[in-house]
Amino acid sequence: MKKKVWLGALLSLLAAVFLIACGSKASNTAESSTPASSSKEEAVSGASEKVYTDPAELKDSYDVLVIGSGGAGMAAAVSAHDAGASVAVLEKMGEVGGNTAKSSAGMNASQTKFQDKEGIKDSNDKFYEETLKGGGGTNDPELLRYLVDNSASAIDWLDSMGITLSNITTTGGMSEKRTHRPADGSAVGGYLVTGLYHNLAEREIPMFVNADVTNLEEKDGKISGVEVKIDGKTKKVAAKAVVIATGGFGADLDKVAQLNPKLKGYVTTNQAGSTGDGIALAEAKGAATVDMEQIQIHPTVEQEKSYLITEAIRGEGAILVNSKGERFFNELETRDKVSAAINGLEPNYAYVVFDSALKDRVKAIAQYEKKGLVKSGETVADLAKAIDVPEDALQTTLETWNKAVADKSDAAFGRSSGMDHALDTAPYYAIKIAPGVHHTMGGLKINTNTEVLNKEGQAIPGLYAAGEVTGGVHGKNRIGGNAVADIIVFGRQAGEQSAQFVKK
Ligand code: ADP
């Protein structure tokens with residue numbers, strides 16, 4: 001605890017020094033979208049505003065240019081810098097964070113020191129096998145192996161930067177608790193983005209926002225820089241290596257429907273910048289893609305505000321009930337199966353139901369309450385009235401479920417995880433949900449060095465990619481908590497590898 005507070009204080013001091021050092025450079029500011037949380041304050045204390053670099057400071061040339069400032073881009077920027085490269089981050093939106101800022105459940109990792117502390121017996125092999133099973137056996141085996149084998153060291157790497165993911169829960173398709181989140185159980189995204197932002201600031205890595213990369217430059221068969229629209233101008237910036245970390249294309253609903261016509265009319269949980277730009281930029285240079293039609297719908301999305309309701313709620317013990325107040329499926333099956341079960345309901349929506357003890361364990365719920373997404377009742381009967389389901393049915397559903405938790409046996413649907421706590425502490429709560437477009441599993445084809453491959457399977461010299469813009473790691477279905485693992489493990493690797501490349 002002491003270490004974290006100290007580190008937090010140091011980070012704020014360094015951030016303050018950075019801001020002062022930047023002086024007129026720091027012209028663009030944006031309110032942090034992160035909800036206040038005690039653990040965030042420990043890691044990034046004093047961070048109410050993020051400050052960005054003045055466009056006038058954009059140089060003509062860097063060793064490594066990182067396109068996109070979600071978790072993958074920021075991790076790449078830190079590791080490239082720490083490996084000795086001069087780096088800049090170009091972000092097309094008005095603030096850093098991308099979809100990463102919205103991610104909730106946590107970061108999956110196996111054989112971690114935090115699992116050890118809790119006596120959780122996990123193994124990289126088990127993590128590998130369960131992810132492969134969840135992905136329908138179609139995951140790229142080498143990328144997946146790299147992901148699991150480097151997951152624990154990525155948790156340590158973040159911890160060394162004051163980003164401590166010490167509270168562990170579970171998500172659908174995982175048999176062990178391996179989803180790491182901030183100490184107080186709050187959503188991982190805001191905490192991670194703010195923590196990474198401060199690490200970039202501390203290293204004086206320039207972060208340009210409203211900087212839209214529109215082309216990759218090429219010279220002598222190598223990627224040699226980018227073309228970027230910034231401050232009303234189009235500028236060419238040279239780089240010895242470029243890391244594409246532009247995220248997925250889940251905000252481009254036309255593209256989604258074109259690739260998978262069944263998804264026409266779905267809402268999306270994605271931020272507006274997730275339009276697949278990086279895929280198009282690299283394809284123009286001959287890059288290959290994989291699994292483009294594999295688009296994940298998340299089962300629990302509040303439909304009016306398209307707001308994702310974290311899987312951690314079910315991981316902590318919530319159930320799903322239909323409009324008759326009855327359970328209808330194993331809530332912790334993989335996302336594809338739970339989504340299909342909800343779509344098969346008539347009417348096709350469900351409620352995530354939980355109690356006040358669970359609400360205390362999952363801090364993200366406070367955000368949902370603020371947004372007016374949560375219905376409540378002092379008793380189960382009151383809740384049933386509030387969500388318009390039969391009172392007796394909901395009562396029976398909860399009694400049966402609490403008995404299943406006590407017996408550690410769910411005869412009805414065979415659920416075997418997220419059963420540590422009964423739902424018996426008033427008041428009771430429910431959030432109405434249905435599936436929404438969430439994650440694009442396909443994307444650029446990379447190898448374990450994060451080099452972007454062409455159609456012949458050869459690396460395109462100087463071009464690296466990491467995070468949701470890439471494909472292969474997740475196969476046909478991404479497991480909750482594996483996107484954050486992906487962006488940190490491969491973002492870190494892209495930074496290291498691109499920095500090594502520029503030294504050659
Ligand atoms: P990941 O989870 O893979 O890190 P995110 O969605 O969190 O992906 O972040 C990707 C970021 O890349 C977003 O902030 C998005 O706005 C940004 N981005 C997308 N296209 C471009 C582009 N053409 N130029 C600069 N930034 C981009």
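How many salt bridges does the rule find across the interface of domain 1 and domain 2? The rule finds two, where a salt bridge is a side-chain nitrogen of Lys or Arg within 4 Å of a carboxyl oxygen of Asp or Glu.

The structure discussed here is a predicted model, in which local features need pLDDT of at least 70 and side-chain atom pairs count only at pLDDT 80 or more, while totals for chains, interfaces and linings use all residues. Residues are numbered from 1 along each chain as its sequence is written, and side-chain values use heavy atoms, with hydrogens and water left out.

**Overall form**

The protein contains 17 helices and 21 strands, which are DSSP runs numbered from the N terminus (helices are H or I with at least four residues, strands are E with at least two). For 504 residues, a compact globule would have a radius of gyration near 23 Å, and the 22 Å of the protein agrees with this; the radius is taken over C-alpha atoms, and the globule rule is 2.2 Å times the number of residues to the power 0.38. The C-alpha trace spans about 70 × 50 × 45 Å along its principal axes.

Domain 1 covers 1–294 + 441–504, and domain 2 covers 297–437, with bounds that come from an automatic or database domain assignment. Their C-alpha centres lie 31 Å apart. Across the interface, 29 residues of domain 1 are in contact with 27 residues of domain 2, contact meaning heavy atoms within 4.5 Å.

The two domains bury about 2,100 Å² between them, 55% of it on carbon and sulfur atoms; buried area is the accessible area (1.4 Å probe) that two parts lose on being put together, summed over both. On the side of domain 1, Tyr266, Val267 and Thr269 lose the most area to domain 2, together 25% of what that side buries.

**Salt bridges**

A search of the whole structure finds 22 salt bridges, and the table lists examples.

| Salt bridge | Closest N and O atoms |
|---|---|
| Arginine 181 with glutamate 316 | 3.0 Å |
| Aspartate 156 with lysine 113 | 3.7 Å |

**Backbone details**

Most residues other than glycine have a negative phi, and most peptide bonds are trans. A cis peptide bond joins glutamate 346 and proline 347, with omega about -5 degrees, and proline 347 lies in the loop between α12 (335–343) and β16 (350–355). The bond from alanine 426 to proline 427 is also cis, with omega near -5 degrees, and proline 427 is found in the loop between α16 (391–407) and β18 (428–440). Glutamate 204, a residue other than glycine, has a positive phi near 55 degrees, and its place is in the loop between α8 (188–202) and β8 (207–208).
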